[in-house]
Amino acid sequence: MTEYFRQLRTLFVSLRLTVVLLALSIALVFWATLDQVHLGVWGVQQKFFHSFLVFVKLGEFQLPVFPGGYMIGGLLLINLLSAHIYRFKMGWRKTGIWIAHAGLILLLLGELVSGLVQQDFQMTLDEGGTKNYAESNRLNEFAIINVTDPNFDEVVAIPESVLAHGTVVQSPKLPFRVVPRGYYPNSEVQMRSQVPGAPPSPATTGMGPMIAVTPMEVTYKEDEHNFPSAYVELIGTDGSLGVYLVSTGLGNPQKFDYAGKSWKIVMRPVRHYQPFSITLEKFSHDIYPGTDIAKNFSSRIRLNPPDGSIGREVLIYMNNPLRYEGLTYYQASFIGEHTTILQVVRNPSWLVPYIACASIALGLVIQFVIHLGGFMRKRRRA
Amino acid sequence: MSRRMPFFVVLIAALCAASGLFVRPPGETEAVAAFGRLPILSEGRFKPLDSLARSTLLVIQGKQLVVTHDKVTGDRVELTPDQWLLDVFFVPERADAYQVFVVDNPDLLALIGQTDDTVAIHYDTKAKQMLALFGVLDTRRRRFSFDEIVPHIADIEAQEKLAEPVDPQTRTHFQSAVVQLYGNLSHYVRLRRAFVPEGSTDFLGELLTLQKNLAEGIDAVRAKEAGKPHDEAKAAAIIDEGQKFVAMAESTDLLAIPPDGDETDPNTWHNVGHALLESFGKGEINPAVLAYAGMGYAWSQNQQASFEHVVGLYASSLNTHFEKQVKKARIETTFNAAEPFYAGMWIYVTAFLFAALSWFKWTEAARRSAFGLVVLAWVIATVGILTRMWLEGRPPVTNLYSSALFIGWGSVALCLVLEALFRNAIGTAAAGLIGFATLIIAHHLALAGDTLEMMRAVLDSNFWLGTHVVVVATGYASTFLAGVLALIYIVLGVFTRRLDKATADALARMVYGIVCFATLFSFVGTVLGGIWADQSWGRFWGWDPKENGALIIVIWNALILHARWGGMVKQRGLMCLAVFGNIVTSWSWFGTNMLGIGLHSYGFTEAAFWWLSAFIALQLAFIALANLPLEKWRSFKA
């Protein structure tokens, strides 16, 4: 047992393991970069970095062929910690290495945490418009909204993945069951009249029968969106209400009345509500004269606090985000002349990389200055 | 000989380098040069017409000097960029016959009616035939005139329409070539219509007539609009001119006409058509438009004296409100003519040859000459980079082109430090190689267009450009330097007896020191990039290809250091790892751009892919060479 432990310890404290892990991480990053052409940044992060093993599809099977980011990062962490426990001695000549490695540990842990907790949303605002929520870039939900009370909406949101799975949903807030009947992760939604020869629609009520849905390949490109569509049957106590088509390509919610209440149903991006709201006062967009190259774009917004008091004005522009209540708002893009798109990020560990990197840089400087000092002394003696 | 040699070598090189400042090429008279200095607003910045001419020629024909053949006599004619631009503007029927459009793609050649026989060049002497065989001379004609291409314009347009919707990364060679040619042709046509409307033979006369009839004509149009009695002929003439000006305003993006009166805001510059349309409101024709029309008349009639006079008048009138722009344009024109990076390129080559010479003959004299030459080239490059920074008002690195300049500059600076420490000509040899290579790369990157282009809004932050980009570029520069030093070690060791133990140890120390330096700079640079990203987009790390490339460099340098500390590699292993660093760095520098995705995907060139592959293959060959058993090396023999 002790012999086995000693061998394991020797492996984990060895520099050889460090070099192998560094080489593996280079291969991983390189492969992931090439794969971005197909998978997009988000897909690559899931496949290569936020995973223990990288799977490759071979025929029917998913085979693990390479260690993933968590595995390599984790082993590097163990390697580093055990080297410091068993191999390194304290001493002023090693201070640089200690500081740099401490920073590296912090960086690896920080990236792990931010990979787990960071959330990204987008907020699209027209001039004069106000919103108290941001929308997910990728995730969608099927929302069933009880709008009977004009002052208050009651929302039941079913994630897209549940529809994809075909799981039947029953909720105490709903007088009917929701039965998914079909789902396309990406689709093109057109008026039936524009698509001659389209197959008959499974939808029986609402807008669905007028619409033709063509399934599309899922896109990972950063400048393209997926438009998921689903057919859902709503079944009440006295039989079916009919099959509805819902899709993010449809736009406005569909309305109906049932069980004495008014309902709206809609497929929409997942929303992240916040206790305050934001009004876009003015969006500005300059280009260089005689070109169509963007010179700058900025959004003047009003931040309306939850207590109803008059908020403050903030100018968000390139390289100048607004940080508020743990959320950060960045000028990301725009549509036309009067609509801005803000990127909204929640990342509680955003400060960690700053500290970690400062510590690594400091450690490297100290270490190399010590080396350089030794080299110069040797030269002077020679 | 030996004591004074370095001094004379550097002096001759300096004189050659400075010649561009004092010697004007034939044909470039003072008036033509003055025309080249006139500022215009194009692609978002003020630049001299000279820069417009040069960058346009680089894009459409791959070089600045126009060499063409007379239509009738077949004689060779050389034109400076400014002369060419003057003909394009004012004597388009002459310019249309200049062979300036590069067509290399065989399918595209067929599309414009050329066959192997029509483009083949036959040399009459044996020597020239040999040179052609080895690719020194062209074996076929590459450049064609607008006149030659125009009969096939409908086919080109149709093919371009087919190719244009295809994603640039997935286009075939033919598709890229046809899109490029079509773009070049329309760019050329836009230039041709910038100052003179299509088909006009005497534009100045036309404008003078208009000037005379303007007031009456405007009255006639107003009366017509109000439904009152009017002179129909006069109104029709004005409306006719107006339509012509609208067409002109729409067909160019060259803002050449400064605002009338006391306006000094650069955003109020207009193109000629637009400025002419304003005449109807103001009741008089913008004097700058008249000045350009006057230059055009004088140039087309070959009236040198009056051309010079009008250019001079217009230039001095600009001075009252746009002195800053005039001054900048003048300095940029001087900078263009001096071609500091072109001169630097040749001095670096010469320096490398002297350094190599010093290992075999005239040791100290040749070494000092080499060192002097590198210092000279580096000073020239420094002045060049500083001038660019001043012109642009930006930190040194703003695009791929300037990154090549800066990486070369930084590497050479480190080489100078090494040479000052070690005095064995290895630093200068490395400087010569890197300086030459980076300037060649920069030269080819300039073929993409204006190298002082405006920054996109996302990147518009002098602070981050000045810190992140500069530090990362220094990291690239030092990683390359370590690789080049390792190459010198391998070449000296395998092919010569020159690599003794002292030199080998010195090289190993240099490589190790530079790798330490590279680790620090590439790490700090990458982190600064992360901080910029966090400030701008809300993520410290986005796995963008360029970020990944930089990360790989950091990890690779860390790997070299750990492998050496762990005793896993000795001297030769260290050298192999350092050479592989060249591959890693070149991929990060150019390979990531070829993926065409992410925030950093600017400046993609197709030919670059071939060169990158060749470079990587070469580095692998050197690594293989280094792994030959020591008995096969010429050095290290007892």
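Colleague: Is Glu3(A) buried, exposed or partly exposed?
Modeller: Glu3(A) is partly exposed, because its relative accessibility is 46%. Here buried means under 20% relative accessible area, exposed over 50%, and partly exposed in between, with a 1.4 Å probe and protein chains only. This is a predicted model, so local features need pLDDT of at least 70 and side-chain atom pairs count only at pLDDT 80 or more, while totals for chains, interfaces and linings use all residues. Residues are numbered from 1 along each chain as its sequence is written, chains are lettered from A and ligands numbered from 1 in the order in which they are written, and side-chain values use heavy atoms, with hydrogens and water left out.

Colleague: Which side chain does Glu3(A) meet in a salt bridge?
Modeller: That of Arg6(A), at 3.9 Å from N to O. The rule asks for a side-chain nitrogen of Lys or Arg within 4 Å of a carboxyl oxygen of Asp or Glu. Arg6(A) is partly exposed too, at 45% relative accessibility.

Colleague: Why are Glu3(A) and Arg6(A) about one helical turn apart?
Modeller: Because they sit three residues apart in helix 1 (residues 2–13) of chain A. Helices are DSSP runs of H or I with at least four residues, strands are E runs of at least two, and both are numbered from the N terminus.

Colleague: And in chain B, what does Arg54(B) form a salt bridge with?
Modeller: With Asp50(B), the closest N and O atoms being 2.9 Å apart. Both are in helix 3 (residues 49–61) of chain B, four residues apart, about one turn of the helix. Arg54(B) is buried at 14% relative accessible area, and Asp50(B) is buried at 2%.

Colleague: What about Glu364(B), which residue is its salt-bridge partner?
Modeller: Arg367(B), with 3.2 Å between the closest N and O atoms. They are three residues apart in helix 19 (residues 363–392) of chain B, so about one helical turn separates them. Glu364(B) is partly exposed at 40%, whereas Arg367(B) is buried at 9%.

Colleague: How many salt bridges over all chains?
Modeller: The count comes to 29. There's also a network of salt bridges linking Glu281(A), Arg300(A), Arg302(A) and Glu313(A).

Colleague: Switching to the interface, how much area do chain A and chain B bury between them?
Modeller: About 4600 Å², 70% of it on carbon and sulfur atoms. That's the accessible area (1.4 Å probe) that two parts lose on being put together, summed over both. In terms of contacts, meaning heavy atoms within 4.5 Å, 50 residues of chain A touch 54 residues of chain B.

Colleague: How many salt bridges does the rule find across that interface?
Modeller: One. Arg323(A) forms a salt bridge with Asp534(B), with the closest N and O atoms 3.3 Å apart.

Colleague: Which element of chain A gives the most to the side that touches chain B?
Modeller: Helix 2 of chain A, with 17 residues. That side of chain A divides into 31 nonpolar, 14 polar and five charged residues.

Colleague: On to packing: which residues touch the most other members of the largest nonpolar core?
Modeller: Leu481(B) and Leu485(B), in a core of 144 residues. A core here is a set of buried Ala, Val, Leu, Ile, Met, Phe, Trp, Tyr and Cys residues joined through side-chain atoms within 4.5 Å. Helix 22 (residues 462–495) of chain B gives this core its largest share, 21 residues. Apart from it lies another core of 87 residues, including Ala177(B) and Met248(B).

Colleague: Last topic, backbone angles. What is the phi of Glu325(A)?
Modeller: Positive, about 55°, although Glu325(A) is not a glycine. Glu325(A) lies in the loop between strand 15 (322–324) and strand 16 (327–335) of chain A, and it is exposed at 53%. Arg423(B), also not a glycine, has a positive phi of about 50°. Arg423(B) lies in the loop between helix 20 (400–422) and helix 21 (426–445) of chain B, and it is exposed at 57%.

Technical notes: Nonpolar A, V, L, I, M, F, W, Y, C, P; charged D, E, K, R; others polar.
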